[in-house]
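Please read them alongside the coordinates.

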Amino acid sequence: ARGLAIVLPDTSPRGVTIEGADDSYDFGSGAGFYVDATEVKWAGHYHMYSYVTSELPSVVAATFPDELSGKKAISGHSMGGHGALTLYLKNPGMYASVSAFSPICHPTNCPWGVKAFTGYLGSTDAGKPHDAVELINAYDGAPFPILVDQGAADNFLVGDVNQLQPEALKAACAAKGLPLDMRMQEGYDHSYFFISSFIDDHINFHADALAKA
């Protein structure tokens, strides 16, 4: 669509055996959280930050040397939305645009993020450089647009624990004057049906930005 190549990396390394990696959906093989692990148990393989920002783009460029322009945008869902926001913010100029579906906006302040950062990096504080709200609070660059779709009936938003915290992202962007288009979609949950309903808008958002890059 729109002349884009869409690359979909996995959530975590595959083909490795680490005790406990498959025990839960929100850690290990289910959730690498797009960090380079420093804790010994995970540090040998869990380099998802470097994989997405360096290794994977190099492989794609080498595989399709004549078909691709080298320009990139980034998007993701849930943990992937966290990854999209943080990788964009941590790598100025690498991506033409950023969007997310139901992102984990403030992971140092929710159980998913605390579990991941403690497990991979040794502490919650060590995760602050990988927290979109914290990164925006420290941001001093030029304004850039962000597109976020969030299901208003998302069980991780309106359930017992607010894992996603979109209001924290809205407040951080407002304080920095960043044009955040946060679209709360009534009746939608956290599922892939939600993504399929609005993915065309995100593709067009990125295609427009890439055309100007």
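1. Terms and basis. Buried means under 20% relative accessible area, exposed over 50%, and partly exposed in between, with a 1.4 Å probe and protein chains only. Helices (H or I, at least four residues) and strands (E, at least two) are DSSP runs, numbered from the N terminus. The model is predicted, so local features need pLDDT of at least 70 and side-chain atom pairs count only at pLDDT 80 or more, while totals for chains, interfaces and linings use all residues. Residues are numbered from 1 along each chain as its sequence is written, and side-chain values use heavy atoms, with hydrogens and water left out.

2. Overall form. The protein chain has 8 helices and 4 strands, in the order α-α-β-α-β-α-α-β-α-α-β-α from the N terminus. Its radius of gyration, taken over C-alpha atoms, is 17 Å, close to the 17 Å that the globule rule (2.2 Å times the number of residues to the power 0.38) gives for 213 residues, so the chain is as compact as a globular protein of that length. Along the principal axes, the C-alpha atoms fill a box of roughly 45 × 40 × 35 Å. Of the 213 residues, 44% are buried.

3. Strand β3. In β3, 6 of the 6 residues are buried, so the strand is largely enclosed by the rest of the structure. Ile-146, Val-148 and Gln-150 point one way, Leu-147, Asp-149 and Gly-151 the other way, and all are buried. In a regular strand the side chains alternate between the two faces of the sheet.

4. Pairing of β3. Strands pair if DSSP finds at least two bridges between them. β2 (residues 98-101) and β3 run parallel and are joined by 4 bridges; Ser-99 stands opposite Leu-147 there. β3 and β4 also run parallel, with 6 bridges, and Asp-149 has Arg-183 in β4 as its bridge partner.

5. Annotated residues. The "active site" annotation in the unreviewed UniProt entry covers Ser-78, Asp-154 and His-190. They span 113 residues in sequence, yet no two of their C-alpha atoms are more than 10.8 Å apart, so they gather at one spot. UniProt positions are given in the numbering used here, feature names are shortened, and annotations may be inferred rather than shown by experiment.

6. Surroundings of Asp-154 and His-190. Asp-154 lies in the loop between β3 and α6 and is buried, at a relative accessible area of 0%. Leaving aside neighbours within four places in sequence, its contacts (heavy atoms within 4.5 Å) are Ser-102, Gly-159, Leu-164, Tyr-188, Asp-189 and His-190. His-190 sits in the loop between β4 and α8 (192-212) and is buried, at 11% relative accessible area. Not counting residues up to four places away in sequence, the residues that His-190 touches include Ser-78, Ser-102, Asp-154 and Leu-164.

7. Helix α7. In α7 (residues 166-176), Pro-166, Leu-169, Ala-172 and Cys-173 are buried. Seen down the axis, the buried residues fall within an arc of 125 degrees (from the directions from the helix axis to the C-beta atoms), so they line one face of the helix. Glu-167, Ala-174 and Ala-175 are exposed on the other side. The cover over the buried residues includes α3 (79-90), α5 (132-137), β3 (146-151), α6 (155-158) and β4 (180-185). Just after α7, Gly-177 takes a positive phi of about 70 degrees.
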